[in-house]
Structure formats: C-alpha cells, structure tokens
Amino acid sequence: MDDAFLALVSDIIRDTAKTEILPRFRALSASQVQSKTSANDLVTEADILAEQRLSVLLTEIMPESMVVGEEGCHADPDLIRAIGTAPLVWVVDPLDGTANFVSGNPVFATVVALVRDGVTMAGWLHDPVNDVTLCGYRGNGVIRNGVRVRLEPHDRPLSERTGSPGANTPKSLQGRFAHNIRHGSAAHDYMALISGRIEFAAFRRLAPWDHAAGVLLYEEAGGISGFMDGSPYSPSIHEGFLIAAQSRMLWNEIAEAFRSAAS
C-alpha cells in the first residue's frame, strides 16, 4: 500500500460522488427516498447506486476483497460479520448524512475503509460538495487533497473547548465546554476533529462504516480515540461508547464525565 493506491481509491470515490450523488442533491423526487428502520433512517437512490458502483470498482482493483456496505447490510444483516472474519473487506458508507442530503443540507460524505483481518488498514473521507478528501493508511499519516496534515493540540481548559458530545450530553459535562457542534454526519465529525475545528467527540452508534475510516485517520493525525473503558476501537465491535479527543488528558476528562453520568 502506498500513496498511489490512496490516490487511486480517492479517484474512484470522487468519480462515484460526481456520477451518482451530486446530480441527485436537491433534485430527489419523493419516490427516490425511502425509510428503513424508522422515519429518520433514510435511504435514497443515490445511496444505493453509489454503493453498487463502489462495490464493483473497489473489488476490481482488489479481486480478493469483498464489500460490506451500509445498504448491503440493511438487505442482509449477517453480512456485517465478515468485517471480523473475512481476510480483506472494504467497509463502505456511500452517503453518510443521508438525512442532511435529503433536506438539502450539504453536510454529507462518502466513507470507505479497507480492513484486513479485522484491522483497519486504510481510510477515506470524501466531502463531495467541497471536493475535499482525507485519506491515509496505517503508519503513514493523513493526506488532505494531496497535502499531509497533522493535528495541532491546544493546551487549554475544557471551558474553552469545542466538542460534539452527542445528542444526550450528560449533566456532568453540561456548561463545562464552550461550544457544542452537531453535524449529522460522523464523517464530518472526524473531518472537524482532524482539522481541529472540534476538539472532542463522543459516539453511541457504532456502525463500522461510520467509524472505521474516521478513527484510523484521526489517530494517524495525532488524535486519541477509544472505548470509554479504555480499550481500542475495532470495526468488528458494534456496541459500546466511543470517545475521540485531541490529547490523552482531554480524552480522560471527557471519559470521566460520561462514566460519572453512567454510574
């Protein structure tokens, strides 16, 4: 795996967004939007066609691989088990932030991770509207549109921090940090974490297509992530509580706030 491989996959993701996603943004008919598990859990024609196209192109460049995508797992829930058992898996969210997409909000993304023997080896986060791609592979840092980036942590009190603690901020954390930002897209949470626009985030929903790429890239940029009990993230673990923060000290402070709320 090298930078040329990252660029090849980036091109596939970008071309798929241009072909299947952007032409349908703010142009969907009612018949092109359906509900899955609830009224807020949506799937569109763009999700389905983008995942189909990515599945074909990604397995063409690595014929020994398979694809585990959000829409494929909705059709066949047992497919998700392959992330921890198959030797080489592409984990795909063709359209992260579907509700935003449907409402005309430009905060959505395409997410791809490459998992080998249960370990995330590479990740891609693509913002189609702004044509921004973050990518990287394990041990080699993060590239943003061809330029290497590195997180620059700030040493300041929690009261001056910006974060995304999720929908239900515990009382032990309320009023203790400066700004609460919610994107409605895990990919945009990770992009904001890597850029430093937010300094911590907490996640309760652990679908692998939401986090496999983001966690790898955030750690490669210098961030800290892990489950609330201190164990490392794994794309084959789909339940728990995941925390990401700029520094170990900040991570510990956020984790302790959530632990005290749970006790």
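## Charged pairs and what lies around them

Reply: R81 is exposed, with a relative accessible area of 57%, a value over the 50% cut-off for that label. Before going further, please keep in mind that this is a predicted model. R81 has a salt-bridge partner in D78, with 3.5 Å between the closest N and O atoms. D78 itself counts as partly exposed, at 47% relative accessibility. This pair belongs to a total of nine salt bridges.

Let's turn to a pair that spans the sequence. R148 and D3 form a salt bridge whose closest N and O atoms are 3.2 Å apart. R148 sits in strand β9 (residues 147–149) and D3 in helix α1 (residues 3–21), so this contact ties together parts that are 145 residues apart in sequence. Both ends are partly exposed: R148 has a relative accessibility of 44%, and D3 has 36%.

R259 and E256 meet through their side chains in a salt bridge of 3.6 Å, N to O. Both residues belong to helix α8 (residues 248–262), where they are three residues apart, about one turn of the helix. R259 is partly exposed at 33% relative accessibility, and E256 is partly exposed too, at 44%. Beyond these pairs, salt bridges also link D11, R14 and D131 in a network.

Now back to helix α1, where D3 lies. How do α1 and helix α2 (residues 45–61) cross? Their axes come within 9 Å, with a crossing angle of roughly 155°. That makes α1 roughly antiparallel to α2, and the crossing is right-handed. On the α1 side, the residues in contact include F5, L8, V9, I12 and I13. On the α2 side, L49, L54, L57, L58 and I61 are among them.

Next come the strands. Is strand β5 (residues 109–116) largely enclosed or largely open? Seven of its eight residues are buried, so β5 is largely enclosed by the rest of the structure. On pairing, strand β4 (residues 88–96) runs antiparallel to β5, with seven bridges between them; V91 has A113 in β5 as its bridge partner. β5 also pairs in the antiparallel sense with strand β6 (residues 119–127), again over seven bridges. There, R116 is bridged to V119 in β6. The hairpin of β5 and β6 has two residues between the strands, and D117 takes a positive phi near 50° in it.

Finally, strand β14 (residues 242–245) is covered on both faces: L242 and A244 are buried on one side, I243 and A245 on the other. β14 has two antiparallel pairings to look at. Strand β12 (residues 200–203) joins β14 through four bridges, with A202 partnered by I243. Strand β13 (residues 224–227) is likewise antiparallel to β14 over four bridges, and I224 has A245 as its bridge partner.

Methods
Residues are numbered from 1 along each chain as its sequence is written. This is a predicted model: local features need pLDDT of at least 70, side-chain atom pairs count only at pLDDT 80 or more; totals for chains, interfaces and linings use all residues. Side-chain values use heavy atoms; hydrogens and water are left out. A salt bridge is a side-chain nitrogen of Lys or Arg within 4 Å of a carboxyl oxygen of Asp or Glu. Buried means under 20% relative accessible area, exposed over 50%, partly exposed in between (1.4 Å probe, protein chains only). Two strands pair if DSSP finds at least two bridges between them. Axes are lines fitted to C-alpha atoms, for helices over the stretch in contact, and angles run from 0 to 180 degrees between N-to-C directions. Angles under 35 degrees count as roughly parallel, over 145 as roughly antiparallel, 65 to 115 as roughly perpendicular and the rest as oblique. A crossing is left-handed if the near helix is turned anticlockwise from the far one by less than a right angle, and right-handed if clockwise. Contact means heavy atoms within 4.5 Å.
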